[in-house]
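Here is a brief report on one protein model. Please look over the sequence and the 3D structure first.

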Amino acid sequence: MLLCVLRTHISAYRRVRWSSSVTALGKSYEIDGKSNIRESILSFLGRNVYLVPNHPISILNSLVRAHFGHTYTVIPPESPVVTPAKNFDSLSFPQDHPGRQVSDSYYINKTWMLRTHTSAHEVDIFSEGHKRWLFTADVYRRDEIDASHHPVFHQMEGACLWSTSEMRSLEEENARLDKELSRQDIIIEDLSTIGHSNPLQTAHDAHHAHLVAANLKHSLNGLMLKLFKGDGDEPLKVRWIDAHFPFTSPSFEVEVFYHGKWLEILGCGVVAQSTLNKASIKNELGWAFGLGLERIAMVLFQIPDIRLFWTNDERFLAQFQPGYITKFKPYSKYPPIDHDISFWLPLTPKEEKALHENDLCDTVRDVAGDLVEDVKLVDDFVHPKTGRRSQCYRIHYRSMNRTLTQQEVNTTTAEIKGRLEDMFGVEIR
């Protein structure tokens, strides 16, 4: 069976590697020097697990929507294929931001890429006249391989705008929300600041911006209470700290003390005026937040491996039902097999990197799919005489569905080595 899987992956690899185009969601795109997309990543497009009613991502998504209520518009899905201008420029990302690099993001070509966050659609949604909205989608980032990281995950974006003529109503809403929270079993530790390092925007009236920031905190404190309070006997502890994002200011991160440790839950802030200007919005300001659904779902449903969100195994989905947070019960723990890959990197100028770790991880995914649980760099040294650099990565194989054989793993590792030699010019040791 594995050999059939390998042939599929190899065929897909050659198609991307040697053809002049790729297909994403039924549309063909030309490849150029910027292209770094892989068929293994394109295969996730259109999966839409967040629309499967009994999937943990969908259940969590629905719970967040229910908290904000019917006054918030649920924006329908949008294609993940966007322009770099939409993904970065519309949100005031600086040109040297690391997120723009091919080592961090997936580019179909220099004109098109896969969105790295739901905020890529923020200007369009505001332009359509939506003042209170929620938007959920799949997003794509090049990443390492371990139990909590995956190149495809889901974000939920929410935003709320207020007209400058509505500030009295905003004050009244803040007072109401504050009173409601004071009755709840929650301890809020606000360590955030608004000042030089986390400034108000010069385009905003200071009093208005403070009211919007307060409304943001009240709204999200209520969401944290809904998601994390559960049946615990202790008060829920929520902590606010300063953050920095190109598209909000002031900006904050929200943390929750859950099962004995602080967890980073989401980022948020007052929407950048430059974003609103691009949407032709005048005399309004507001807040926005973005949260990763997998990160929260892994905690609430006690799911130990992020790969499980993509399994088609009925033993996984049958454990969950819409509207309820159910603790995941492991149905298997198959034995692991470790293999090391050691190689010399080709000599390159110091400013160039012959092989980024994300390149290696994508190559492993192309060949092994979800058979790999973890990849770690275990040795990295430079030969004192030749100046050549050697690296060794340990690949931790473990299927979620069956026991792997040594022969299967040997075949898979050999294919990974061959691709690394072919694509990046490494010398296998």
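## Basis of the model

This is a predicted model, in which local features need pLDDT of at least 70 and side-chain atom pairs count only at pLDDT 80 or more, while totals for chains, interfaces and linings use all residues. Residues are numbered from 1 along each chain as its sequence is written, and side-chain values use heavy atoms, with hydrogens and water left out.

Helices (H or I, at least four residues) and strands (E, at least two) are DSSP runs, numbered from the N terminus. Two strands pair if DSSP finds at least two bridges between them. Buried means under 20% relative accessible area, exposed means over 50%, and partly exposed lies in between (1.4 Å probe, protein chains only).

Strand S12 covers residues 284-292. Of its 9 residues, 7 are buried, so the rest of the structure largely encloses S12.

S12 pairs with strand S7 (residues 152-163) in the antiparallel sense, over 9 bridges. Strand S11 (residues 261-271) also pairs with S12 in the antiparallel sense, over 5 bridges. Phe289 of S12 stands opposite Gly158. Phe289 is also the bridge partner of Cys268.

## The open sheet

Four strands form an open sheet in the order S14-S15-S13-S16, with antiparallel pairing. S14 and strand S16 (427-428) are the edge strands, each pairing on one side only.

S14 and S15 are joined by 9 bridges, and S13 and S15 by 8 bridges. S13 and S16 are joined by 2 bridges. Tyr393 in S15 is the bridge partner of Leu377 and also of Ile341. Strand S15 (residues 389-397) is mostly covered, with 7 of its 9 residues buried. The hairpin of S14 and S15 has 6 residues between the strands, and Gly387 there takes a positive phi near 75 degrees.

## The largest pocket

A pocket is found on a 1 Å grid over the protein atoms alone: it is an open set of points where a 1.4 Å probe fits, with protein on both sides within 12 Å along at least five of seven lines. Lining residues have an atom within 4 Å of a point. Grid points are joined across faces, edges and corners, and a volume is the space filled by probe spheres set on the points.

The largest pocket has a volume of about 1100 Å³. It is lined by 42 residues, and the closest to its centre are Arg141, Phe153, Gln155, Glu264 and Arg295. S7, strand S9 (236-245), strand S10 (248-258), S11, S12 and helix H9 (293-300) each supply at least two lining residues. S11 gives the largest share, 6 residues. The lining divides into 15 nonpolar, 17 polar and 10 charged residues. Here Ala, Val, Leu, Ile, Met, Phe, Trp, Tyr, Cys and Pro count as nonpolar, Asp, Glu, Lys and Arg as charged, and the others, Gly among them, as polar.

## Aromatic rings

Rings of Phe, Tyr and Trp (its six-membered ring) pair if their centres lie within 6.5 Å; planes under 30 degrees apart count as stacked, over 60 as edge-to-face and the rest as tilted. The structure holds 19 aromatic pairs. In one of them, Trp344 and Phe381 have ring centres 5.8 Å apart and planes at 70 degrees, so the pair is edge-to-face. The pair links distant parts of the chain: Trp344 in strand S13 (residues 337-344) and Phe381 in strand S14 (residues 372-382) are 37 residues apart. Trp344 is buried at 14% relative accessible area, whereas Phe381 is partly exposed at 30%. Trp344 also has Glu427 in S16 as a bridge partner.

Phe301, Phe316, Phe320, Phe328 and Tyr331 form one aromatic cluster. A charge sits over a ring if NZ of Lys or CZ of Arg is within 6 Å of the ring centre and within 35 degrees of the ring normal. The charged end of Lys34 sits over the ring of Tyr107, 4.6 Å from its centre. Lys217 sits likewise over Phe252, at 4.5 Å.

Most residues other than glycine have a negative phi, and most peptide bonds are trans. Leu25 has a positive phi of about 55 degrees. Leu25 lies in the loop between strand S1 (21-24) and strand S2 (27-30), and is partly exposed at 48%. Ser280 has a positive phi near 60 degrees. Ser280 is in the loop between H8 and S12, and is exposed at 62%.

A cis peptide bond joins Ser249 and Pro250, with omega about 0 degrees. Pro250 lies in strand S10.
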